[in-house]
Amino acid sequence: MYYPGAARYQEFQSTPESWAQNSHDNIVAAENQRMASIQMRELINQIIQDAAKDMKEEADRVENAFARRIEEMAATKAKLENQLENTLDEISRQENNIVELKKAIKDKEAPMKVAQTRLHDRSVRQGIELCRDPAHTQLVGEVLEISQSVDQLIRQLNQAEDNLNKLNDDRMILEKEIAMKTKSLYTDRDKCLPIRNSFPNINRLLGYSA
């Protein structure tokens, strides 16, 4: 089989020089592209590393804030619990004080009845025998003294009962505050903190498996 015209010069046929130059240009272009790709990859890695570093630093700041907050809440809770204990002790003392005051008031009843009975019995004497003698004066003074003592005890009792009511109000407020602090501590220390402690390391943030 023959191919007439195969030896004819082709207009776009390359020369060894142009072929070599083209190959060289392709190699240079490919190398330039490879170097650009390397630079781009290094830039991306640096951006990822910087972002991972920023994320880790921010996570550390949050971690420290959590730790400070937990410490503050625990200290406040301890103070509230100590105050509650003191309040409960004072409530117990005040309740005992009220019992003693009521007993003291009741103990005045018998002397008052005796003194008033004596005055009544002496008041029915007739004529000259109805005398305002020293005994009468002493009985009147005794009744007055007992009355004043009872009045004072009643005022102290009322004040003690008011204080007891306020102490019980304080107790309820403290118990509510302690319950809220306990719940907050559980949320931050027992639920949030373990999650924060599992923050991925730098390799994980960079996309590696470990």
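**Entry 1: contacts and overall layout**

I began with the contact list: of the contacts in the protein with a separation of 6 or more, 83% join residues 24 or more positions apart. For this I took contact as heavy atoms within 4.5 Å. A reminder to myself that this is a predicted model, where local features need pLDDT of at least 70, side-chain atom pairs count only at pLDDT 80 or more, and totals for chains, interfaces and linings use all residues. Residues are numbered from 1 along each chain as its sequence is written, and side-chain values use heavy atoms, with hydrogens and water left out.

Next I looked up the secondary structure and found four helices and zero strands, in the order α-α-α-α along the sequence. Helices (H or I, at least four residues) and strands (E, at least two) are DSSP runs, numbered from the N terminus.

**Entry 2: confidence**

I checked pLDDT, the predictor's confidence in each residue, from 0 to 100. The protein averages 81, and 79% of the residues score at least 70. Confidence is highest in α1, at a mean of 88, and lowest in helix α4 (residues 202-205), at 57. Where pLDDT is low, the predicted coordinates should not be read in detail.

**Entry 3: the cores**

How many of the 210 residues count as buried? I noted 18%. My cut-offs were under 20% relative accessible area for buried, over 50% for exposed, and partly exposed in between (1.4 Å probe, protein chains only).

I then turned to nonpolar cores, meaning sets of buried Ala, Val, Leu, Ile, Met, Phe, Trp, Tyr and Cys residues joined through side-chain atoms within 4.5 Å. The largest has 14 residues, and Ile98, Leu101, Ile105 and Leu157 have the most contacts inside it. Helices α1, α2 and α3 (134-197) each supply at least two residues of this core, with α3 giving the most, eight residues. Leaving out residues up to four places away in sequence, Ile98 touches Leu157, Ala160, Glu161 and Leu164. A second, separate core of five residues includes Phe66, Ile70, Leu185 and Leu193.

**Entry 4: single residues**

Is Gln94 buried or exposed? Gln94 counts as buried because its relative accessible area is 9%. Beyond its neighbours within four places in sequence, Gln94 contacts Ala160, Asn163, Leu164 and Leu167.

Cys192 sits in helix α3 and counts as partly exposed because its relative accessibility is 25%. With neighbours within four places set aside, Cys192 is in contact with Phe66 and Thr187. Cys192 and Phe66 are 126 residues apart in sequence, yet their C-alpha atoms are 8.9 Å apart in space.

Gln116 belongs to helix α2 (residues 109-123). At 43% relative accessibility, Gln116 is partly exposed. From Gln116 to Val140 I noted 24 residues in sequence and 8.4 Å in space, C-alpha to C-alpha.

**Entry 5: the surface**

The protein exposes about 16,400 Å², and carbon and sulfur atoms supply 54% of it. These areas come from the Shrake-Rupley method with a 1.4 Å probe; for residues, only the protein chains shown count as cover.

Ile48 lies in helix α1 (residues 16-107) and is partly exposed, at 30% relative accessibility.
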